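Here are my notes on the model, point by point. Have the structure open while you go through them.

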Amino acid sequence: MDDFVIFAQSKEDIEAIYDILNHYLEDRGLELAKEKTRITHILEGFDFLGFNFRRYKTYDECIHLNKPSKDNIRSFKSKVAELCEQLHGNNVDELVGKLNSLIRDTANYWKPTAAKRIFAKMDDYIWHKINRFIKKTPST
């Protein structure tokens with residue numbers, strides 16, 4: 001394990017954790033990477049392990065939502081585009097088979113998040129990629 005998140009009630013509390021955490025990690029031969037360590041407020045949100053964690057204010061309360069991060073979405077889209085490019089000229093069934101595997105894996109990873117809109121956008125993106133793939137396929 002080398003990635004973790006610590007939550008605290010105040011900035012002072014989280015800054016006090018540094019000494020405790022440094023001692024704990026030092027005993028295990030580890031250290032904090034200063035360039036990767038940052039303190040942020042949950043209202044600003046943060047990315048962690050491919051997800052964006054953020055608190056959103058509503059009319060009368062705050063809600064916490066986890067969504068796939070922009071980098072994670074970009075990575076998925078590039079994998080779809082790469083598959084379409086690699087399989088250009090092949091049968092569309094082969095493309096759909098490979099896409100199904102990628103879609104299933106990604107959907108299972110994103111499933112516990114608030115990703116309804118993102119799923120819809122990715123569905124639209126994939127549909128357009130397949131449609132373009134079919135138009136570029138030479139007819140026999």
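1. Start with D47: its bridge partner is N52 in strand 2. Strands here are DSSP runs of E with at least two residues, helices are runs of H or I with at least four residues, and both are numbered from the N terminus. Three bridges join strand 1 to strand 2, and the two run antiparallel. For pairing, DSSP has to find at least two bridges between the strands.

2. Before going further, some bookkeeping. This is a predicted model, so local features need pLDDT of at least 70 and side-chain atom pairs count only at pLDDT 80 or more, while totals for chains, interfaces and linings use all residues. Residues are numbered from 1 along each chain as its sequence is written, and side-chain values use heavy atoms, with hydrogens and water left out.

3. The turn between strand 1 and strand 2 deserves a look. These strands form a hairpin with two residues between them. L49 lies in that loop, and its phi is positive, about 55°, although L49 is not a glycine.

4. On to the other pairing. Strand 2 (residues 51-57) and strand 3 are joined by seven bridges and run antiparallel. Here the hairpin goes through four residues.

5. Put together, that gives an open sheet of three strands in the order 1-2-3, with antiparallel pairing. Strand 1 (46-48) and strand 3 (62-68) are at the edges with a single partner strand each, so one side of each has no neighbour in the sheet. From one strand to the next, the twist averages 25°.

6. Now the helices. Two packed helices are described by the angle between their axes and the distance between the axes. Helix 2 (residues 70-86) and helix 3 (residues 92-110) pack at about 170°, with axes 10 Å apart. The axes are lines fitted to C-alpha atoms, for helices over the stretch in contact, and angles run from 0 to 180 degrees between N-to-C directions. Helix 2 and helix 3 are therefore roughly antiparallel (over 145 degrees; under 35 would be roughly parallel, 65 to 115 roughly perpendicular, and the rest oblique).

7. Who touches whom in that pair? On the helix 2 side are N72, I73, F76, K79, V80, L83 and C84, and they meet L95, K98, L99, L102, I103, T106, Y109 and W110 of helix 3. Contact means heavy atoms within 4.5 Å. By class, the contact of helix 2 with helix 3 has 11 nonpolar, two polar and two charged residues. The nonpolar class is Ala, Val, Leu, Ile, Met, Phe, Trp, Tyr, Cys and Pro, the charged one is Asp, Glu, Lys and Arg, and the others, Gly among them, are polar.

8. N72 is worth a click. It lies in helix 2 and is buried, with a relative accessible area of 17%. Buried means under 20%, exposed over 50%, and partly exposed in between, using a 1.4 Å probe and protein chains only. Not counting residues up to four places away in sequence, N72 touches G50, Y109 and W110.

9. Helix 3 also packs on helix 4: their axes come within 12 Å and cross at roughly 170°. That pair is therefore roughly antiparallel too. The contact is made by V92, L95, V96, L99, I103, A107 and W110 of helix 3 and I118, F119, M122, I126, I130, F133 and I134 of helix 4.

10. Which residues touch the most other members of the largest nonpolar core? Of its 18 residues, they are F76, V80, L95, L99 and W110. A nonpolar core is a set of buried Ala, Val, Leu, Ile, Met, Phe, Trp, Tyr and Cys residues joined through side-chain atoms within 4.5 Å. Helix 2, helix 3 and helix 4 (116-136) each give two or more residues to this core, and helix 4 has the largest share, six. Leaving aside neighbours within four places in sequence, L95 is in contact with L83, C84, L87, I130 and F133.
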